[in-house]
Amino acid sequence: MKRIAVMTSGGDAPGMNAAIRAVVRYGIKKGLEVYGIKRGYAGLLDEEIEPLSFASVGGIMEKGGTILRTSRCPEFVMKETRAEAAKILKRHGIDGLVVIGGEGSMHGAMFLAEEQKIPVIGVPGTIDNDIAMTDMSIGVDTCLNTVVDAIQKLKDTASSHERAFIIEVMGRSSGYIATVSGLVTGAEAIIVPEVPVNYEELSNRLLQERERGKINCIVVVAEGAASAYTVARHLEHRIGYETRITILGHIQRGGSPTAFDRLLASRMGVAAVDALLNGETSVMTALQGGKIVTVPLADVLKEKKKLDLHLLELAGLLS
Ligand code: ADP
């Protein structure tokens, strides 16, 4: 193996730059030439491929987003498109590829590896923590910290005015961000896509808590479960006090990565290069019980990552 390439694809996540830096610097130290592919699979098809030097990735670890930029490339679901991508990689002399991205990107990586016989290693980067077989993906921790910071600020104003705050956070199919941010801010209720919500029961509980003297009322809802507007509509007439809605939106994707994400990304970037050098392909780097391992992409994509319902129980017990 002489020349490898790295790309970021799908939704951006803080820490992706730290992973790029690790792939580039460790790759070069191992005697490889490392190329960057701009704008994910779309940039690959447009041949936006350029060499990266040790110095070119200096000062990027602390930056959110991705210096390689990212994109969605719907036509990549077609075999002919992937065959074209493989041809381009071969023409550029690239013998191995590292794809940093979410679940969709991992699908693309698996097909490129298995059907086009290109050695590909996936690195999980997504704020949703919805990728199976890894305890955490790059970007989750930074996102959580952003959400916690925002909820904490809203809590100050919520308790001053005795209003209920409904806060919508990201998570289309996963309630992880809502659950953990709700747990660590002591939210009164957490609504996630994995568990059906009973508004009657929820309102009664909130009313009882208010009668017992609780002045805070924070409800965290994952976007995939319901919109904050829907939750407010269901609750307001039942609880009889004012609600305020906050949709955190894209601020959850931004910001300088936390120490945890920088470390995870650095470890995974190095592990991805090692995997290529060891002749592995169609695997993903994963964090399991504190260790970085590689797991087959086929296994990762077979199952949906399950939300640990104990965390929800714990949140309920402690709030
Ligand atoms: P993420 O990687 O953050 O989950 P997407 O789901 O949008 O984001 O996927 C990113 C890109 O990965 C898509 O635009 C497409 O190019 C590729 N991709 C997604 N799903 C597949 C699939 N089933 N087969 C091949 N490529 C896919």
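Some ground rules come first. Residues are numbered from 1 along each chain as its sequence is written, and side-chain values use heavy atoms, with hydrogens and water left out. In this predicted model local features need pLDDT of at least 70 and side-chain atom pairs count only at pLDDT 80 or more, while totals for chains, interfaces and linings use all residues. Helices (H or I, at least four residues) and strands (E, at least two) are DSSP runs, numbered from the N terminus.

The ligand is surrounded by 16 residues. Such a residue has a heavy atom within 4 Å of the molecule. The closest are Gly-11, Arg-72, Cys-73, Gly-104 and Ser-105. Helix α4 (residues 103-116) gives the largest share of this shell, 6 residues.

Which atoms lie close to the oxygen atoms of the ligand? An N or O atom in the side chain of Arg-72 is 2.6 Å from a ligand oxygen. Gly-104 brings a backbone N or O atom to 2.9 Å from a ligand oxygen. For Gly-102, a backbone N or O atom lies at 3.1 Å from a ligand oxygen. Taken alone, the ligand exposes 540 Å², and the protein buries 77% of that. Accessible areas come from the Shrake-Rupley method with a 1.4 Å probe; for residues, only the protein chains shown count as cover.

Now turn to helix α3 (residues 79-91), which holds Thr-81. Is Thr-81 buried or exposed? Its relative accessible area is 11%, so Thr-81 is buried. Buried means under 20% relative accessible area, exposed over 50%, and partly exposed in between (1.4 Å probe, protein chains only). Thr-81 touches Leu-45, Glu-75 and Phe-76, leaving out residues up to four places away in sequence. A contact means heavy atoms within 4.5 Å.

The loop between β3 (49-51) and α3 contains Arg-69. Its phi is near 60 degrees, a positive value in a residue other than glycine. Most residues other than glycine have a negative phi. Arg-69 has 46% relative accessibility, so it counts as partly exposed.

Lys-117 also has a phi near 60 degrees, again positive in a residue other than glycine. Lys-117 lies in the loop between α4 and β5 (120-124). With a relative accessible area of 64%, Lys-117 is exposed.

Next comes Cys-143, in helix α5. Cys-143 is buried, because its relative accessible area is 0%. Leaving aside neighbours within four places in sequence, it is in contact with Ile-127, Ile-177 and Gln-252. Cys-143 and Gly-255 are 112 residues apart in sequence. In space, their C-alpha atoms are 8.3 Å apart.

How many of the 10 residues of helix α6 (residues 176-185) are buried? The count is 8, and the helix is mostly covered. Among the buried residues are Tyr-176, Ile-177, Val-180 and Thr-185. Their cover includes α5 (140-161), β6 (164-169), β7 (189-191), β8 (218-222) and α11 (309-318). Gly-186 follows α6, with a positive phi near 65 degrees.

In the loop between α6 and β7 lies Glu-188. Its relative accessible area is 4%, so Glu-188 is buried. The side chain of Glu-188 makes a polar contact with the side chain of Lys-214 (3.1 Å). A polar contact is a pair of N or O atoms within 3.5 Å; within protein, one must be able to donate a hydrogen and the other to accept it, and residues adjacent in sequence count only if both atoms are side-chain atoms. Setting aside residues up to four places away in sequence, Glu-188 touches several others, including Arg-205, Leu-206, Asn-216 and Ser-319.

The last stop is Ser-282, in the loop between α9 (259-277) and β10 (283-288). Ser-282 is buried, at 6% relative accessible area. Beyond residues up to four places away in sequence, Ser-282 touches Met-110, Ala-113, Glu-114, Val-120, Pro-296 and Leu-297. Thr-230 is 52 residues from Ser-282 along the chain, and their C-alpha atoms are separated by 42 Å.
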